[in-house]
Amino acid sequence: EVSEVAWNHDGSRFASCSVDRSVKVWNALTGACLSSWHVGPGVNCLAFAPTGDIVAVGQSNGAIQLTEAATGDVKQVIRVSDHYEGCNFVRSVAFSPCGSRVAAAVYNIVPIFDVATSTQLCALAGHDRGNVTCVAFSKDGTRIASCGEDKTVRTWDAQSGEQLSQCPPLRHDGAGPCMCGGGPFARGSIADPDCRVSAHSD
């Protein structure tokens, strides 16, 4: 079972991860596998850095592994579990457009980490119950959208961590929980400067 795919910045490559603990990077035009490696603890999600040379891998041991896309060599490990006792599952990861921060989905919280130091900068807390299942930065890096098992999509100030009051939570009351693949899937667009958010479930 393939659990997630992620494109690089120019669409020339994409990465995929699987329940067999493998991560593969593919040529989008030819379908050739450019690199492949295994993640010991298991892999749940991934994201390309904006530069395209690093893949962030959310692991089943509560860590985010920053790995060279071309070789699979581990460059850095952000230990999310050091901040959240008992954390053993990173459900989603996303880089900021400048690549200096990475967001994660952990329990019902979205912690934001500094990539250079692995320091937690802030944590977005507001989902009522269940887990956050997917996170995404806006194109300008000023906002973050998250969705979760509470059937809501929420938007946040990426610097302060405050939930945006002008954007009330979007609800999927008639559907199952918002998921990031492998189930009901909520997508949101928060690039609009007036924060007009569109969402739908497939």
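Modeller: Let us begin with the largest nonpolar core, which has 20 residues, and within which Ile-64, Leu-66, Val-80, Val-90, Val-93 and Phe-95 touch the most other members. Strands E5 (43–48), E6 (54–59), E7, E9 (93–95), E10 (101–104) and E11 (109–114) each supply at least two residues of this core. This is a predicted model, in which local features need pLDDT of at least 70 and side-chain atom pairs count only at pLDDT 80 or more, while totals for chains, interfaces and linings use all residues. Residues are numbered from 1 along each chain as its sequence is written, and side-chain values use heavy atoms, with hydrogens and water left out.

Biologist: What makes a set of residues a nonpolar core?

Modeller: The members must be buried Ala, Val, Leu, Ile, Met, Phe, Trp, Tyr or Cys residues, joined through side-chain atoms within 4.5 Å.

Biologist: Why is Gln-65 called buried?

Modeller: Buried means under 20% relative accessible area, with exposed over 50% and partly exposed in between, using a 1.4 Å probe and protein chains only. Gln-65 has 10% relative accessibility and therefore counts as buried. Gln-65 lies in strand E7 (residues 63–68), a strand being a DSSP run (E) of at least two residues, numbered from the N terminus.

Biologist: What makes the pairing of the Gln-65 and Gln-59 side chains a polar contact?

Modeller: A polar contact within protein needs a pair of N or O atoms within 3.5 Å, one able to donate a hydrogen and the other to accept it, and residues adjacent in sequence count only if both atoms are side-chain atoms. The side chains of Gln-65 and Gln-59 are joined at 3.4 Å, so the pair qualifies.

Biologist: Why does Ala-103 count as buried?

Modeller: Ala-103, which lies in strand E10, has 1% relative accessibility, and is therefore buried by the cut-off already given. Leaving aside residues up to four places away in sequence, Ala-103 touches, among others, Ser-92, Val-93 and Phe-137, where contact means heavy atoms within 4.5 Å. The C-alpha atoms of Ala-103 and Val-93 are separated by 5.5 Å, although the two residues are 10 apart along the chain.

Biologist: How do you know that Ser-92 is buried?

Modeller: Ser-92 sits in the loop between strand E8 (74–79) and E9, and with 1% relative accessibility Ser-92 therefore counts as buried. A polar atom of the Ser-92 side chain lies 3.2 Å from the backbone nitrogen of Val-135.

Terms used
Helices (H or I, at least four residues) and strands (E, at least two) are DSSP runs, numbered from the N terminus.
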